[in-house]
Amino acid sequence: MSEATRQRDMIGMLIADHRSVEEAFQEFESGDGAPEQRRNLIDHIITELVRHSVAEEQYLYPVARESLPDGNEIADHEIAEHAEAEQTMKQLEGLDPNDEQFTTTAGELISSIRHHVQDEENDLFPKLRQSCSNERLEELGGKIQQAKDTAPTRPHPSSPTQPPMNKLLDPGTGLVDRARDALTGRSH
């Protein structure tokens with residue numbers, strides 16, 4: 001498999017997301033920027049994490065369930081971590097960037113996401129590379145991109161996390177979120 005193909009497959013795309021959000025984490029952790037800039041950066045991080053997790057819940061975890069002997073346990077664990085992160089993101093949305101709790105809560109989110117990324121990249125992704133064909137991973141890469149394009153941009157902790165309900169409801173929620181973002185000037 002060529003490097004270009006590998007970058008377009010599901011795992012390559014998800015790893016690229018991980019690297020992108022890690023850059024944003026490091027920018028936030030540098031402590032540079034006025035409170036408004038830090039708020040915008042956290043809003044960007046939240047948007048990217050929500051879009052990423054929605055795509056994983058729609059395609060990555062169902063594939064893990066069907067392809068791996070321990071897929072149900074892995075998927076359940078990862079979805080539970082998503083739920084915790086989503087609660088933290090929801091908390092962050094309501095905090096003032098001048099409040100010390102904003103920085104503390106952002107640090108908790110960053111730490112939990114780094115742990116989650118490490119689990120996926122060191123355990124789940126290698127197992128899926130072994131069990132899924134290159135063609136299947138490439139096909140799923142396209143579906144991941146479509147899911148991210150229509151996904152919500154804000155945390156919705158009570159939303160369904162498994163197909164078919166998430167595939168039915170996420171695009172509508174995403175449309176509403178993008179409209180809210182446009183009206184409030186929230187950047188991505």
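Predicted model: local features only at pLDDT ≥ 70, side-chain atom pairs only at ≥ 80, totals over all residues.
Residues are numbered from 1 along each chain as its sequence is written, and side-chain values use heavy atoms, with hydrogens and water left out.

**Helix packing**

Helices here are DSSP runs (H or I, at least four residues), numbered from the N terminus. The table lists two packed pairs; each axis is a line fitted to C-alpha atoms over the stretch in contact, and angles run from 0 to 180 degrees between N-to-C directions.

| Pair | Angle | Distance between axes |
|---|---|---|
| H2 and H3 | about 160° | 10 Å |
| H3 and H7 | about 150° | 10 Å |

The angle of about 160° between H2 (residues 10-29) and H3 (residues 35-67) makes H2 roughly antiparallel to H3, a term that applies to angles over 145 degrees. H2 passes H3 in a left-handed crossing, meaning that the near helix is turned anticlockwise from the far one by less than a right angle. Among the residues that meet across this pair are Leu 14, Val 21 and Phe 25 in H2, and Leu 41, Ile 45 and Tyr 59 in H3, where contact means heavy atoms within 4.5 Å. The residues of this contact divide into twelve nonpolar, three polar and four charged; Ala, Val, Leu, Ile, Met, Phe, Trp, Tyr, Cys and Pro count as nonpolar, Asp, Glu, Lys and Arg as charged, and the others, Gly among them, as polar.

H3 and H7 pack at an angle of about 150°, which makes H3 roughly antiparallel to H7. Their crossing is left-handed. In this contact Val 54, Glu 57, Gln 58 and Tyr 59 of H3 meet Asn 166, Lys 167 and Asp 170 of H7, and by class there are two nonpolar, two polar and three charged residues.

**Other features**

The whole structure holds 19 salt bridges, each being a side-chain nitrogen of Lys or Arg within 4 Å of a carboxyl oxygen of Asp or Glu. One of them joins Arg 8 to Glu 138, with the closest N and O atoms 3.3 Å apart. Because Arg 8 lies in helix H1 and Glu 138 in helix H6, the pair ties together parts that are 130 residues apart in sequence.

Most peptide bonds are trans. The bond from Pro 163 to Pro 164, however, is cis, with omega near 5°, and Pro 164 is placed in the loop between helices H6 and H7.

An unreviewed UniProt entry lists residues 10-128 as "domain: Hemerythrin-like". In the model this span is 88% helix and 0% strand, and its end C-alpha atoms lie 10 Å apart.

Methods. Helix = DSSP H or I, 4+ residues; strand = E, 2+ residues; numbered from the N terminus. Parallel < 35°, antiparallel > 145°, perpendicular 65-115°, else oblique. UniProt positions renumbered as here; feature names shortened; annotations may be inferred.
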